[in-house]
Amino acid sequence: EKQSPESRPGVGQTHRRQFAARCLRRRGYSSTVARSIPSTSDQVMKGEREHGSETLMRRPEYGAGWYRTTESGKRPRDPDAAISLYTQPERKIFPKAVLNFPEDVVRANPDDVEVSETAQLRSKARALFDQRRKRWVSFAAFSACSGVLLAITQGELLWDSSNQPSWATEALKGCTLLSTIFSLAGIKEWASAEMQLMQAKGDFFPPTESFFGRLNRAGLQEEYVLLSALLLVQPPPGWMRLISISEHRHDAHTTYTTDSCLTVLMSLLRLPLLLKFLVINDPLNDPIHGVYARAANVHVGWRLVLATRLKEDARYLAGLWVMAIVGMSYFLMCAERPADADTGLGEFHNCMWLTIITMTSVGYGDQYPVSSAGGFLSVMACFLATILLAIT
């Protein structure tokens, strides 16, 4: 019949009063009576109802609640007798105070308030480190995208030379490796700027602690290791092998190079860094928006940014479609080009045509993949189109 306030640790004083007021209103009492629940043990409150009046009395021996009493003044047996189970007995209600300031009182002007030198330095430090982390993430993303373009160029030169390495392909591999090193350096500087920003906001980092120790303390270790590991996938200079896959449909073998396979994998694994660049430079991550986000207990992550931009900005949605079509077309060309079949899919524009009619579920049937890898990529294009159409 009754539950004490101590057994409900999540219920606050405001919720207790609101619960008591709702109970009174459901039993026919006016809202004025419901808002004026007494707090002392000897007070008695009467409220008018449709069929007369009843007495609400608090009895200390029955707990810290207000109960509807019977004619004999005792607590009834039915559980519905409890009007409020969570009203604080010691809380008192005071009338609203109205303060009238005299006309000769000088009021403070916000523009005349002097900010301490320490607060100014911390504000400048936060702005500086915020710009640094954005700049280093942008540098890392640019270097990673440049490495992908260099790897694609190297793969095309290698195909034109019948998979025979040359000084040009090896030089492009070296440039790709250099761009990867730049990306790794940018990720390291981003992590350092992120920790400096947290320190400017008041977090403590021991000065003698190692870099990875501070990463662990800041909660950035997993993200740093993941981004760094994804950047390491690339065609290594001075090394290339051939991979032969048996095609059961036409009793043949399709030969791929490790460079082309690693280039496709490299293009996919560097997408999280590009997503990191878009999220950290989004206006939702500005310091002003961050204040409102913290006040509303909202985490501005990649899910919130993507959901907001795809809903409000058509350029993001169009860019996502273009990236999906161009990427799947290149992957399909890399898969079908070594098959030596007269399907026309060794050309990029034919692969783009097949990707578009596959993703839009048209399917004319004039062109189709003959390799196992090409068929797998076509199936993946169907699933990707389903996700993009759901987002659209």
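This is a predicted model: local features need pLDDT of at least 70, side-chain atom pairs count only at pLDDT 80 or more; totals for chains, interfaces and linings use all residues.
Biologist: How many helices and strands does the secondary structure of the protein chain come to?

Modeller: The chain has 392 residues, of which 37% count as buried. Its accessible surface is about 24,200 Å², and carbon and sulfur atoms supply 59% of that area. The secondary structure comes to 13 helices and six strands.

Biologist: What share of the contacts with a separation of 6 or more joins residues 24 or more positions apart?

Modeller: A contact here requires heavy atoms within 4.5 Å. Among contacts in the protein chain with a separation of 6 or more, the share from residues 24 or more positions apart is 59%.

Biologist: Why can the buried residues of helix 6 be said to line one face of the helix?

Modeller: Helix 6 covers residues 221–231, and its buried residues are Y224, L227, S228, L230 and L231. Seen down the helix axis, these residues fall within a limited arc, so they line one face. An α-helix has 3.6 residues a turn, so residues three or four places apart point the same way. The arc that holds the buried residues of helix 6 is 165°.

Biologist: Which exposed residues does helix 6 carry on the face turned away from its buried side?

Modeller: The buried residues of helix 6 pack against helix 3, helix 4, helix 5, helix 7 and helix 8. The face turned away from that buried side carries the exposed residues E222 and L226.

Biologist: Is T254 buried or exposed, and which residues does T254 touch?

Modeller: T254 is found in strand 6, which spans residues 252–257. With a relative accessible area of 1%, T254 falls under the 20% limit, so this residue is buried. Leaving aside residues up to four places away in sequence, T254 touches I243, S244, I245, E247, P338 and A339.

Biologist: How far apart in space are T257 and P338, C-alpha to C-alpha?

Modeller: T257 is also found in strand 6, and T257 is buried, with a relative accessible area of 6%. Its contacts beyond four places in sequence are L158, N163, M240, R241 and L242. T257 and P338 are 81 residues apart in sequence, while their C-alpha atoms are separated by 9.6 Å.

Biologist: Where does G301 lie, and what distance separates its C-alpha atom from that of I280?

Modeller: G301 lies in the loop between helix 9 and helix 10. This glycine is buried, with a relative accessible area of 13%. G301 and I280 are 21 residues apart along the chain, and their C-alpha atoms are separated by 8.8 Å.

Biologist: Which helix gives the most to the nonpolar patch?

Modeller: The patch on the surface is formed by F139, L177, L178, I181 and F182, with about 420 Å² of accessible area together. One of these residues, I181, lies in helix 4 and is partly exposed, with a relative accessible area of 46%. F139 and F182 also form one aromatic cluster with W136. The most residues in the patch, four, come from helix 4.

Biologist: Why does the pair of W353 and Y364 count as stacked?

Modeller: The structure holds seven aromatic pairs. In the pair of W353 and Y364, the ring centres are 5.8 Å apart, so they meet the 6.5 Å limit for a pair. W353 is in helix 12 and Y364 in the loop between helix 12 and helix 13, eleven residues apart. The pair is stacked because planes under 30 degrees apart count as such, and the angle here is 5°.

Biologist: How many residues apart in sequence are the parts that D286 and K134 tie together?

Modeller: D286 forms a salt bridge with K134, the closest N and O atoms being 3.5 Å apart. D286 is partly exposed, with a relative accessible area of 27%, whereas K134 is buried, at 10%. D286 lies in the loop between helix 8 and helix 9 and K134 in helix 3, so the parts tied together are separated in sequence by 152 residues.

Biologist: What is the distance between the closest N and O atoms of D259 and K173?

Modeller: A search of the whole structure finds twelve salt bridges, and D259 and K173 form one of them. D259 is buried, and so is K173. The closest N and O atoms of D259 and K173 are separated by 2.8 Å.

Key: Residues are numbered from 1 along each chain as its sequence is written. Side-chain values use heavy atoms; hydrogens and water are left out. Buried means under 20% relative accessible area, exposed over 50%, partly exposed in between (1.4 Å probe, protein chains only). Helices (H or I, at least four residues) and strands (E, at least two) are DSSP runs, numbered from the N terminus. The arc is that of the directions from the helix axis to the C-beta atoms. Patches are made of residues with over 30% relative accessible area and no salt bridge: like charges are joined within 9 Å, nonpolar side chains (Val, Leu, Ile, Met, Phe, Trp, Tyr) within 5 Å. Accessible areas come from the Shrake-Rupley method with a 1.4 Å probe; for residues, only the protein chains shown count as cover. A salt bridge is a side-chain nitrogen of Lys or Arg within 4 Å of a carboxyl oxygen of Asp or Glu. Rings of Phe, Tyr and Trp (its six-membered ring) pair if their centres lie within 6.5 Å; planes under 30 degrees apart count as stacked, over 60 as edge-to-face and the rest as tilted.
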